Amino acid sequence: MELRQLRYFVKVCELRSMGRAAIELGVVTSALSQQISRLEGELSTRLLQRNSTGVTPTDAGLAFLQQAQLTLRHADDAVRAAQQARLSGHVSVGLAPTTATVLGVPLMRAMQERYPEVRLHMVEALSGHLTTMLQARQLDLAVLFQTDTPRRWSVLPLLAEKLFVIASPNLAQRPIGAKVRLSQLAELPLILPSGSHGLRATLMAAFARARITPRIVAEVDGLALLMDAVRAGYGATIQPGAATTRHDSEDLHLTQISDAHVGRHNLLVSLSDDELSPAALAARVVLVDTARALVREGRWTGASLLDH
């Protein structure tokens with residue numbers, strides 16, 4: 001039984017005519033009659049008596065009409081109550097610079113569409129700083145790359161990212177082809193984040209496993225400046241594909257690192273569920289939905305979804 005069927009039945013009883021009810025409801029008469037017949041079939045009783053002058057409710061129909069009208073009033077009241085008590089509040093979300101380039105604006109747009117009364121506070125910072133802010137309760141949730149998080153936190157595997165060598169086409173030492181192994185990058189001049197950056201630690205461990213010492217010509221912790229230096233040809237960098245989202249990738253050459261162990265997992269980390277406000281719980285769902293949509297639509301370069 002559907003609310004639509006109840007509304008149809010009540011309107012027919014009010015107007016005592018299938019044709020006039022169909023016009024007011026904006027449906028064809030045959031569709032309206034079919035829905036009434038389905039309702040009668042479900043109830044196993046005749047609700048309307050059809051005759052040459054129109055329709056009249058049977059005794060069963062009159063009894064059902066009163067309850068149907070009451071049910072519809074309750075349904076309308078429920079809708080009004082929900083609309084008048086929209087989810088509101090404040091939620092703070094932390095994203096690393098590369099993650100923010102691809103996820104930041106789509107997340108803000110999705111939150112505005114779903115929960116316009118929730119005020120969103122976005123923080124773009126290095127993952128280590130985001131972890132500190134979570135520990136200090138300055139953030140409700142953040143996308144991080146490390147798994148050594150306190151047990152009281154909620155951790156949801158979100159997606160995996162491939163890493164790419166990103167270089168200007170004019171850089172003579174850049175790798176040629178779609179893929180390259182770390183062992184082939186010993187002579188490549190690299191511009192990397194400093195040691196405080198989680199990605200730098202990941203890369204140094206990967207280089208050590210490949211038994212080569214990378215040729216680091218500069219350290220830059222700001223993503224925008226780092227990409228400007230790469231575009232100017234001072235060196236290449238190794239970043240997830242999302243790093244090129246804010247920049248015109250047509251003047252950059254991307255080569256995927258093919259080593260199986262080289263990559264980065266994105267984890268959605270938040271305070272425990274009992275510590276999160278309804279607004280934060282809602283934002284967590286929206287963030288997951290938005291990230292997954294970006295990956296499925298091919299708008300997150302080099303990313304694949306993780307099972308959880």
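Guide: Two strands pair if DSSP finds at least two bridges between them. Helices (H or I, at least four residues) and strands (E, at least two) are DSSP runs, numbered from the N terminus.

Visitor: What kind of model is this?

Guide: It is a predicted model, in which local features need pLDDT of at least 70, side-chain atom pairs count only at pLDDT 80 or more, and totals for chains, interfaces and linings use all residues. Residues are numbered from 1 along each chain as its sequence is written, and side-chain values use heavy atoms, with hydrogens and water left out.

Visitor: How do you know that strand 8 and strand 12 pair?

Guide: Two bridges join strand 8 to strand 12, and at least two are required, so they count as paired. These strands run parallel. V180 stands opposite I257 in strand 12.

Visitor: Which sheet do these strands belong to?

Guide: They lie in an open sheet of four strands, ordered 8-12-7-11, with mixed pairing. Strand 8 (179-180) and strand 11 (237-240) each have a single partner strand, so one side of each lacks a neighbour in the sheet, and they stand at the edges.

Visitor: How many residues lie between strand 1 and strand 2?

Guide: Two residues lie between them, and the two strands form a hairpin. Strand 1 (residues 48-51) and strand 2 (residues 54-57) are antiparallel, with four bridges. Q49 is opposite T56 in strand 2.

Visitor: Why is S127 called buried?

Guide: The relative accessibility of S127 is 9%. Buried means under 20% relative accessible area, exposed over 50%, and partly exposed in between (1.4 Å probe, protein chains only), so S127 falls in the buried class. S127 belongs to helix 6 (residues 127-135). Beyond its neighbours within four places in sequence, S127 is in contact (heavy atoms within 4.5 Å) with L144, F145 and G198.

Visitor: Is S44 buried or exposed, and how do you know that?

Guide: The relative accessible area of S44 is 67%, which is over 50%, so S44 is exposed. S44 sits in the loop between helix 3 (29-43) and strand 1. Although not a glycine, S44 has a positive phi of about 55°.

Visitor: Why is R16 called partly exposed?

Guide: R16 has a relative accessible area of 40%, which lies between 20% and 50%, so the class in between applies. R16 is placed in the loop between helix 1 (3-15) and helix 2 (18-25). Its phi is positive too, at about 55°, and R16 is not a glycine.

Visitor: What is the overall secondary structure, and how spread out is the chain?

Guide: The protein chain has nine helices and 14 strands. The C-alpha trace spans about 90 × 45 × 30 Å along its principal axes. Buried residues make up 47% of the 308 residues.
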